[in-house]
Amino acid sequence: MLYIKCPYCGLRAQKEFSYGGDATVKRPNINEEVPSEDWDNFVYMRKSPRGKHIELWQHIAGCRQWIKVQRDTATHEIFQTAKVTEEIR
Amino acid sequence: MQKYSVFSLIKNAFSNHQNWEVAWKDPTPKSEYDVVIIGGGGHGLATAYYLAKEHNIRNVAIIEKGWIGGGNVGRNTTIIRSNFMYDANARFNEFGMDLWRNLSQELNFNVMFSPRGIINLAHSDAQMNAYARRGNSMRLNGIDAKLLDREEVKKLIPMADFSDEVRFPIFGGLMQPSAGTARHDAVAWGYARQADDMGVDIIQHCEVTGFDVVNGKIKGIRTSRGDIKAKKVGLCVAGSTNILAEKLNMTLPIETHVLQACVSEPVKPLLDGVVTFGAGHFYISQSDKGEMVMGGDLDGYNSYAQRGNLPTIQHVLTGGLALFPFLSRLKMLRTWGGIMDMSMDGSPIIDKTHIEGLYLNCGWCYGGFKSTPVSGWTFAHTIAQDQVHELNSELRLNRFSTGHLLDEKGLGTKTWIG
């Protein structure tokens with residue numbers, strides 16, 4: 001069981017959360033002309049690193065907020081969590 | 001090579017089975033090969049075998065970080081099927097079914113291919129309609145499909161919950177009678193033994209640390225056991241694809257996730273084929289040893305750990321209990337995990353890359369084992385001829401930018417949901 005520290009609710013079990021994928025993927029700016037390659041990268045291409053990974057989770061059975069989690073994809077160790085508006089370095 | 005038969009078995013019994021030849025050698029890597037296959041799993045071994053057998057390319061090495069049979073080829077739930085709706089997936093896997101049917105004879109190794117059928121259960125009228133459509137598509141591609149009503153399902157799996165108070169009643173199901181299971185280890189060992197016999201070097205405990213690419217052309221690889229020159233390199237590393245892609249400055253439409261499976265203690269034969277639950281993600285079959293082999297969802301987050309967490313096992317088995325209440329009285333023998341190369345449309349990629357001489361085989365999601373022979377067969381063709389075969393002509397990397405996706409389940413890019 002993973003234990004994730006929700007920035008709003010504190011430490012909670014993994015079962016209360018649902019996963020939202022890589023948090024570093026940036027949506028292209030829709031008010032500009034966007035090359036189709038940029039859309040491909042946004043929609044399909046993923047680094048999927050082995051090691052530290054910043055990802056989105058939603059506290060779906062709690063406060064229902066989206067949060068950012070920095071986690072090791074090889075060991076499942078969680079280093080940091082943050083509100084979705086905050087940066088993880 | 002020593003032929004395996006009842007006579008060789010009797011002959012070796014006289015010497016207490018002490019004088020069997022080694023099944024494959026343990027060579028030191030040469031400095032140069034025509035083709036290097038990275039990844040000694042089922043697909044890599046099959047690729048090397050078909051390169052040697054179909055294309056007479058025998059100066060081949062397989063580079064494996066771990067050992068033969070230690071990765072996903074030894075961790076899957078051994079299901080073989082071709083019950084796909086889309087033409088590209090159906091033709092590809094039905095060609096594979098033909099390879100499976102003759103594999104034990106071809107490899108002189110009993111892979112225990114056992115076509116006992118797979119039943120996908122439906123729990124609503126809408127699901128029955130969807131299965132009728134899929135079954136019709138399969139039959140148009142020459143694949144056997146049979147739509148079963150509730151009574152027909154009951155005859156085949158009477159131990160399932162057919163009571164009135166069940167939350168997801170069984171309406172019927174779609175069956176592929178020619179689907180089945182095989183012994184996964186034997187597939188790896190059989191391919192390894194034949195490939196080795198035809199001159200392929202199987203190099204275990206050798207990690208790839210980098211690539212030599214000059215002017216957009218592959219020249220060789222760097223490994224923990226020295227540099228190896230190669231005219232062509234094939235990547236066949238499933239869940240480790242992104243790690244090697246990063247060394248090549250490539251980004252792929254792949255995420256790596258952990259998938260768990262489990263087996264119960266062995267019991268007497270009660271379940272003939274493979275059954276999948278239609279109201280949750282759960283499938284089950286019974287091994288020849290009597291263990292109930294079960295699996296279901298991914299853990300649901302990016303992971304390179306070959307182990308998962310208990311909440312997923314609990315969730316999957318909750319679905320299992322809803323379908324087969326008798327499971328509640330079985331003890332669990334063991335659980336384990338393997339890392340899946342989840343592609344963004346749920347279908348694999350077997351293609352050339354923008355680097356000349358570098359070929360890619362990945363994106364197998366949950367279902368790499370069933371495609372082991374056909375994946376090796378088509379990948380060997382792609383490498384030897386430097387062009388894709390008709391069978392993998394729609395399994396190309398550029399389909400994600402051209403929009404020709406093979407989203408069999410129509411689930412979009414959330415790989416951890418599909």
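The model is predicted, so local features are reported only at pLDDT of at least 70 and side-chain atom pairs only at pLDDT 80 or more, while totals for chains, interfaces and linings use all residues. Residues are numbered from 1 along each chain as its sequence is written, and chains are lettered from A and ligands numbered from 1 in the order in which they are written.

Chain B is divided into domain 1 (30-109 + 183-251 + 345-402) and domain 2 (118-180 + 256-343), with bounds that come from an automatic or database domain assignment. The C-alpha centres of these two domains of chain B lie 28 Å apart. Across their boundary, 29 residues of domain 1 of chain B are in contact with 27 residues of domain 2 of chain B; two residues are in contact if their C-beta atoms, placed from the backbone, lie within 7 Å. On the domain 1 side, strand E3 (79-80), helix H3 (87-101) and H8 of chain B each give two or more residues. Here helices (H or I, at least four residues) and strands (E, at least two) are DSSP runs, numbered from the N terminus. H3(B) provides the largest share, five residues.

H3(B) also meets H10(B): the two pack at an angle of about 105°, with their axes 7 Å apart. Axes are lines fitted to C-alpha atoms, for helices over the stretch in contact, and angles run from 0 to 180 degrees between N-to-C directions. H3(B) and H10(B) are therefore roughly perpendicular to each other, a label given to angles of 65 to 115 degrees. H3(B) brings B:Phe92, B:Asn93, B:Phe95, B:Gly96, B:Leu99 and B:Trp100 to this contact, and H10(B) brings B:Pro373, B:Val374 and B:Trp377.

In H10(B), 12 of its 14 residues are buried, meaning that 20 or more other C-beta atoms, placed from the backbone, lie within 10 Å of a residue's own. Among them are B:Pro373, B:Val374 and B:Trp377. H10(B) is followed by B:Asp386, whose phi is positive, near 55°.

Turning to the neighbouring chain, 22 residues of chain B are in contact with 20 residues of chain A. On the chain B side, helix H8 (241-247), strand E12 (254-264), strand E15 (292-302), helix H9 (310-323) and helix H11 (399-402) each supply at least two residues.

How values were computed:
Parallel < 35°, antiparallel > 145°, perpendicular 65-115°, else oblique.
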